[in-house]
Amino acid sequence: MNDEYQQPYYQEAGSGTPWKKIAIIVGAVLVAIAVIIMVVVLIQNRRATKLDLVNVQETIERTEDMLASDLAECEDAFDPEACRNNVISTEASETGSIAVCSMLEGTAFDNCIFELSNIKSDYLLCETIVDQGLKDVCQGMLLTELAEGNEDFGLCTHINDEEWQSICWERVEDEIVDAG
C-alpha cells in the first residue's frame, strides 16, 4: 500500500471546510439580533406604559378641572365626601372612564368600577374591585348575562363564586329550553 493514497483517519485542524465556523458565526449573529429585538420591544412597552400613565393623569386633571365647580358646591353639602363621590361617579359613568374612577378610594372606587363594568358589559373590569363580595356579584352577574345571551355553559365556568355559577347554569339551561 502506498501511503500517499491513504486518507487520514482524522481531519487535521484547519484543513476542513469552513462551514462549521460559518454556522457558529451565523448562529451568534441570529442570537444577537434576537436579543436586540427583545430589548427594542421592552423599551417600546415601557414607553407605552409611561404614556398610558401620563394619559390617565391628564384625564384625571381634565376631569378635576371640568368638575371644579361641581366639586366646589360639594364643600357646602351636608355630606361633602358623599357629594364628591357622587359627582365623580356620575362623570365616570357618563365618560366611561376608569381613570375617573381612580379619583375615588375604597368603597366609592369599587362602586364606580361596578357601575362602569355594568355600563360597558365588561366582566374583566370587575377584577379591579377590591371588595371580594362586590367583585363576585359583578363578575357573576355580567358573566351570567353573557352566558345566557350566548347560550354558552362554558362562560359559567369562569365564575369564581359557586352560587353565581349555579345561577348561571340554571339561566343558560332555561334559555336553551325556552329557545328549543
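Select Cys156 and Cys168: the torsion about their S-S bond is about -75 degrees, so this disulfide is left-handed. The link connects distant parts of the chain, with Cys156 in helix α7 and Cys168 in helix α8, 12 residues apart. Their sulfur atoms sit 2.0 Å apart, and both Cys156 and Cys168 are buried. Keep in mind as you click around that this is a predicted model.

How many disulfides does a search of the whole structure find? It turns up four. Number the bonded cysteines in sequence order and the pairing reads 1-2, 3-4, 5-6, 7-8.

Next, pick Cys126 and Cys138, another disulfide with its sulfur atoms 2.0 Å apart. The torsion about the S-S bond of Cys126 and Cys138 is about -65 degrees, so this disulfide is left-handed. Cys126 lies in the loop between α5 and α6 while Cys138 is in helix α6, so the pair ties together parts that are 12 residues apart in sequence. Cys126 is buried, with a relative accessible area of 0%, and Cys138 is buried with a value of 0%.

Now color all of helix α6, residues 132–150. Its 19 residues reach 26 Å from the first C-alpha to the last, close to the 27 Å expected at 1.5 Å a residue. Its buried residues, including Leu134, Cys138, Leu142 and Ala147, pack against α5 (106–120), α7 (153–156) and α8 (162–179).

While you're on helix α6, zoom in on Leu142. Is Leu142 buried or exposed? Leu142 counts as buried because its relative accessibility is 5%, and the cut-off for buried is under 20%. Leaving aside residues up to four places away in sequence, Leu142 touches Ser117, Asn118, Ser121, Asp122, Tyr123 and Cys126. That last one, Cys126, is a partner in the disulfide with Cys138.

Jump to Cys74 and Cys83, joined by a disulfide with an S to S distance of 2.0 Å. This link is left-handed, with -65 degrees about the S-S bond. Cys74 is buried, at 2% relative accessible area, whereas Cys83 is partly exposed, at 23%.

Last stop: show the surface and select Trp19, Ile22, Ile25, Val26, Val29, Leu30, Ile33 and Ile37, which make a nonpolar patch of about 790 Å². One of them, Val29, is in helix α1, residues 19–66. Val29 is partly exposed, with a relative accessible area of 43%.

Definitions and conventions:
Residues are numbered from 1 along each chain as its sequence is written. This is a predicted model: local features need pLDDT of at least 70, side-chain atom pairs count only at pLDDT 80 or more; totals for chains, interfaces and linings use all residues. Side-chain values use heavy atoms; hydrogens and water are left out. Patches are made of residues with over 30% relative accessible area and no salt bridge: like charges are joined within 9 Å, nonpolar side chains (Val, Leu, Ile, Met, Phe, Trp, Tyr) within 5 Å. Accessible areas come from the Shrake-Rupley method with a 1.4 Å probe; for residues, only the protein chains shown count as cover. A salt bridge is a side-chain nitrogen of Lys or Arg within 4 Å of a carboxyl oxygen of Asp or Glu. Helices (H or I, at least four residues) and strands (E, at least two) are DSSP runs, numbered from the N terminus. Buried means under 20% relative accessible area, exposed over 50%, partly exposed in between (1.4 Å probe, protein chains only). The expected span of a helix is 1.5 Å times one less than its number of residues. Contact means heavy atoms within 4.5 Å. A disulfide is a pair of cysteine sulfur atoms within 2.5 Å.
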